Amino acid sequence: MIPVLMLEAIGPLVEGRAFHGTAAYDTPRPFVTIQQIGGEAVSFVDNARPSKINALVQVNCWGDSREQVYLLMLAIEDALRASEAMVARPSGAMMDRDEPEQGMFGEQQDFSCWCDRPAPT
């Protein structure tokens, strides 16, 4: 649920090149990948069903220069903070992630995101 909302918020920044998991080797740059890496489990003493869900999501952006990916990550943070579908906050600062063999520069940042829990089907 939350990764889908994140892709909807991030996708327009990279002309739709935002992916859950991995991107194809030949994906044009810049592009973004996201992966849910955990989150807070909401539990109550009475075992009531919570109305919200949480996810900790790692966002990686990849491009051709350090400046490009740094500015892209700032734009991603702004887009996620502005989302009306969820509350997304950075859980830490950016980290440099480079792939020298492929000539790519990268930035990584983790976000804690909350949204309404979908109704059971």
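Modeller: What follows starts at the pocket, then turns to one strand residue and the nonpolar core. The model is predicted. Its largest pocket holds about 270 Å³ of space. The lining counts 15 residues. Nearest the centre lie Ala23, Phe31, Trp62, Gln102 and Met104. Two elements, β2 (31-38) and β3 (52-63), each give two or more residues to that lining. β2 gives the most, with 3 residues. By type, the lining splits into 6 nonpolar, 7 polar and 2 charged residues.

Strand β2 also holds Ile37. Ile37 has a relative accessible area of 39%. That value falls between 20% and 50%, so Ile37 counts as partly exposed. Leu56 sits 19 residues away from Ile37 along the chain, yet their C-alpha atoms are 5.6 Å apart. Leaving out residues up to four places away in sequence, Ile37 touches Leu56, Val57, Gln58 and Asp110.

Nonpolar side chains tend to be buried together in soluble globular proteins. Here the largest nonpolar core has 22 residues, and Met6, Val32, Val59 and Ile76 touch the most other members. Elements giving two or more residues to this core are α1 (2-10), β2, β3, α2 (66-82) and β6 (105-116). α2 gives the most, with 5 residues. Consider Met6 again. Beyond four places in sequence, Met6 touches Ile34, Val57, Val59, Leu80, Met86, Phe111 and Cys113.

Note on methods:
Residues numbered from 1 in each chain as written. Predicted model: local features only at pLDDT ≥ 70, side-chain atom pairs only at ≥ 80, totals over all residues. Heavy atoms only, no water. 1 Å grid on protein atoms, 1.4 Å probe; cavity = no way out; pocket = protein on both sides within 12 Å on 5 of 7 lines; lining within 4 Å. Points joined across faces, edges and corners; volume = space filled by probe spheres on them. Helix = DSSP H or I, 4+ residues; strand = E, 2+ residues; numbered from the N terminus. Nonpolar A, V, L, I, M, F, W, Y, C, P; charged D, E, K, R; others polar. Buried < 20%, exposed > 50% of the residue type's maximum accessible area, 1.4 Å probe, protein only. Contact = heavy atoms within 4.5 Å. Core = buried A, V, L, I, M, F, W, Y, C linked by side-chain atoms within 4.5 Å.
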